[in-house]
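User: Could you walk me through how to read helix packing and aromatic pairs in a model like this one?

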Amino acid sequence: EETQSVLALLSPLVRSWVIVLTDWRFIQELEEHPPAGLRFVRFGIYVKPNGAPQFSGDRPGTGWEAIAILHHEGGRMKWNGGGHHAVWIYNKPHQDSYEGNHPTVKSLPLMFDIVRKFTDEGNIILDPFMGSATTGVAAINTGRKFIGIELREDYFQIAVKRLQEAEMQLRLPLD
């Protein structure tokens, strides 16, 4: 519900892609009732080979996350992925990494790939649920502009530190 509200609020500003990594149960809602101004394009998945097992042992572990791919209703769809399937296979970050400090952490290589496939250098990427800023780090390192929003102060502080470090890395001279 929170994601749907944010999408509805932001959809008038969108001129290209909206990528939502979410629980699979939300995908059907987005497909049947996309926010005004957006069209549902595809359902993808983020496969996590090293995802946590089902600790109770009474059923299989999930090991994947849903990806809703939407686009501006009136715009021409263009992406940099060629014939790539809507399947991304990347390990989850280790708990002792920056990214591991957030419960719904995304892999930095995953976000690099998504950022490169759905945006061009100089584009602005908005992440309204920034968490520890993995998307922001990917944006900075691929020449995109980034706007992140995070309500929780503890995650915001981690995000700020990571974004500052990413900016500093860009300024270091090459040997």
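Predicted model: local features only at pLDDT ≥ 70, side-chain atom pairs only at ≥ 80, totals over all residues.

User: How is the packing of two helices described?

Analyst: Two packed helices are described by the angle between their axes and the distance between the axes. Here, take helix H4 (residues 134–141) and helix H5 (residues 153–171): their axes come within 9 Å and cross at roughly 15°. Angles under 35 degrees count as roughly parallel, and H4 and H5 are therefore roughly parallel to each other. Their crossing is right-handed.

User: Which residues of H4 and H5 meet?

Analyst: On the H4 side they are Thr 134, Gly 136, Val 137, Ile 140 and Asn 141, and on the H5 side Arg 162, Leu 163, Ala 166, Glu 167 and Leu 170. By class, this contact of H4 with H5 holds 5 nonpolar, 3 polar and 2 charged residues. A helix rule is handy when you read such lists: an α-helix has 3.6 residues a turn, so residues three or four places apart point the same way.

User: At what angle do H3 and H4 pack?

Analyst: The angle is about 55°, and the axes are 9 Å apart. H3 and H4 are therefore oblique to each other, with a right-handed crossing. From H3, the contact uses Leu 108, Met 111, Phe 112 and Val 115; from H4, it uses Thr 134, Thr 135, Val 137, Ala 138, Ala 139 and Asn 141. The contact of H3 with H4 has 7 nonpolar and 3 polar residues, and no charged ones.

User: How many residues of H4 are buried?

Analyst: Buried means under 20% relative accessible area, and 7 of the 8 residues of H4 are buried. They are Thr 134, Thr 135, Gly 136, Val 137, Ala 138, Ala 139 and Ile 140. These buried residues pack against H3, H5, strand S5 (124–127) and strand S6 (145–148). Just after H4, Gly 143 takes a positive phi of about 80°.

User: Is Ser 107 buried or exposed?

Analyst: Ser 107 counts as buried, at 2% relative accessibility. You will find Ser 107 in the loop between S4 and H3. Leaving aside neighbours within four places in sequence, Ser 107 is in contact with Tyr 46, Tyr 90, Asn 91, Pro 93 and Thr 134. Thr 134 is also one of the H4 residues that meet H5.

User: Now the rings: what describes a pair of aromatic rings?

Analyst: A pair of aromatic rings is described by the distance of the centres and the angle of the planes. This structure holds 4 aromatic pairs. One of them joins Trp 79 and Phe 118, 5.1 Å centre to centre with 40° between the planes, a tilted pair. Trp 79 sits in the loop between strand S3 (64–72) and strand S4 (87–89), and Phe 118 in helix H3 (residues 108–118), so the pair ties together parts that are 39 residues apart in sequence. Trp 79 is partly exposed, at 26% relative accessible area, whereas Phe 118 is buried, at 8%.

User: How are the rings of Trp 88 and Phe 118 placed?

Analyst: Their centres are 6.3 Å apart and their planes are at 45°, so this pair is tilted. The pair links distant parts of the chain, with Trp 88 in strand S4 and Phe 118 in helix H3, 30 residues apart. Trp 88 counts as buried, at 2% relative accessibility.

User: Which residues form the aromatic cluster?

Analyst: Trp 17, Trp 79, Trp 88 and Phe 118 form one aromatic cluster.

Key
Residues numbered from 1 in each chain as written. Heavy atoms only, no water. Axes fitted to C-alpha atoms, helices over the stretch in contact; angles between N-to-C directions. Helix = DSSP H or I, 4+ residues; strand = E, 2+ residues; numbered from the N terminus. Parallel < 35°, antiparallel > 145°, perpendicular 65-115°, else oblique. Left-handed = near helix turned anticlockwise from the far one by under 90°. Contact = heavy atoms within 4.5 Å. Nonpolar A, V, L, I, M, F, W, Y, C, P; charged D, E, K, R; others polar. Phe/Tyr/Trp six-rings, centres within 6.5 Å; stacked < 30°, edge-to-face > 60°. Buried < 20%, exposed > 50% of the residue type's maximum accessible area, 1.4 Å probe, protein only.
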